[in-house]
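Bring your questions, and we will take them one at a time.

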Amino acid sequence: MGQRNSTSLHDFILLGFSDHPKLEMALSGVVATFYLITLVGNTAIILASLLDSHLHTPMYFFLRNLSFLDLCFTTSIVPQMLVNLWGPHKTISYGGCVIQLYVYMWLGSIECLLLAVMSYDRFTAICKPLHYLVIMNPHLCLKMIIMVWSISLANSVVLCTLTLNLPRCGNNLLDHFLCELPAMLKIACIDTTAVELSVFALGIAIVLTPLILILISYGYIAKAVLRMKSRAGQRKAINTCGSHLTVVSIFYGTIIYMYLQPGNSASKDQGKFLTLFYTIITPSLNPLIYTLRNKDMKEALKKLMTVDHKFTKSKRNWKS
């Protein structure tokens, strides 16, 4: 116990891509660019869906939550990541690492469950259109969001506590650019099989179970769409569901490859690039995916830009 306590308070050294300084410089620019896109895109979706009364529906309520989640997710990671990529001192305090690990796992779990909730919303809208607003009432939507955040928090507390309680025997070199659970497991100085099995079991519950529910929902949605007689209705259903399926495919594909592989067969650098992809690039793509084929969202964004332009113009006139 004394050994565990003495080693657990050390600062951690984040190795990142320290063997490739030119790659680190290039990645820092990429990360900063995609972070800016994430901030602008997701903030625009939140504001547009709030200001346009036509978008005060369950679908856009969940989309706002996804955009807010992506903002929180990237903001909890990117500042430290940029410090690690740019700065000469690639260290993070024990307390900072603990907070980052808990928040990272919490927000990542939320996205898994939230995408499943969004698929249920689409299932209800397309398969039970006459009862949609009755079933997906504001009270139920709020309860679903609270459940998603609460279950994800419990998952994060369990997994991170198990990982952080492992003795490290002075090992403080994390072969990553952030405090991620697999990297923390690798520096433990005891057999981590039991913890890895716990991670795998909870991974099935948090990742695979929602994915199965999503696939079942879209099976019913596909049947309903094929039965539609209206081409316009089919097109609208395909556009809204296609956007969600694209996000699901990108996010779940990366997560499953990263966390549910037996024996952690991904190479070290490959794992780092995959982490970059689903923590930085995916949140920046979500606004584009949800707006490119969504006429309602496009119109709302145009209105938002018009309001912003008028406000800027009136401000200039007032100053002059």
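**Reading the disulfides**

A: Let's start with one link: the torsion about the S-S bond of Cys97 and Cys179 is about -125°, so this disulfide is left-handed. This is a predicted model, where local features need pLDDT of at least 70 and side-chain atom pairs count only at pLDDT 80 or more, while totals for chains, interfaces and linings use all residues. Residues are numbered from 1 along each chain as its sequence is written, and side-chain values use heavy atoms, with hydrogens and water left out.

Q: What is a disulfide, and how many does the structure hold?

A: In general, a disulfide is a covalent bond between the sulfur atoms of two cysteines. Here the term is used for a pair of cysteine sulfur atoms within 2.5 Å. The structure holds two of them. In the link between Cys97 and Cys179, the S to S distance is 2.0 Å.

Q: Which parts of the chain does the pair Cys97 and Cys179 tie together?

A: Helices (H or I, at least four residues) and strands (E, at least two) are DSSP runs, numbered from the N terminus. Cys97 lies in helix 5 (residues 94-127) and Cys179 in the loop between strand 3 (173-174) and helix 8 (181-186), so the pair ties together parts that are 82 residues apart in sequence.

Q: Where does the link of Cys169 and Cys189 sit?

A: Cys169 and Cys189 are joined with an S to S distance of 1.9 Å, and with 60° about the S-S bond their link is right-handed. This pair connects distant parts of the chain, 20 residues apart: Cys169 is in the loop between helix 7 (138-164) and strand 3, and Cys189 is in the loop between helix 8 and helix 9 (193-227). Cys169 is partly exposed, with a relative accessible area of 34%, and Cys189 is partly exposed at 31%.

Q: What pattern do the disulfides of the chain follow?

A: Counting bonded cysteines along the chain, the pattern is 1-3, 2-4.

Definitions and conventions: Buried < 20%, exposed > 50% of the residue type's maximum accessible area, 1.4 Å probe, protein only.
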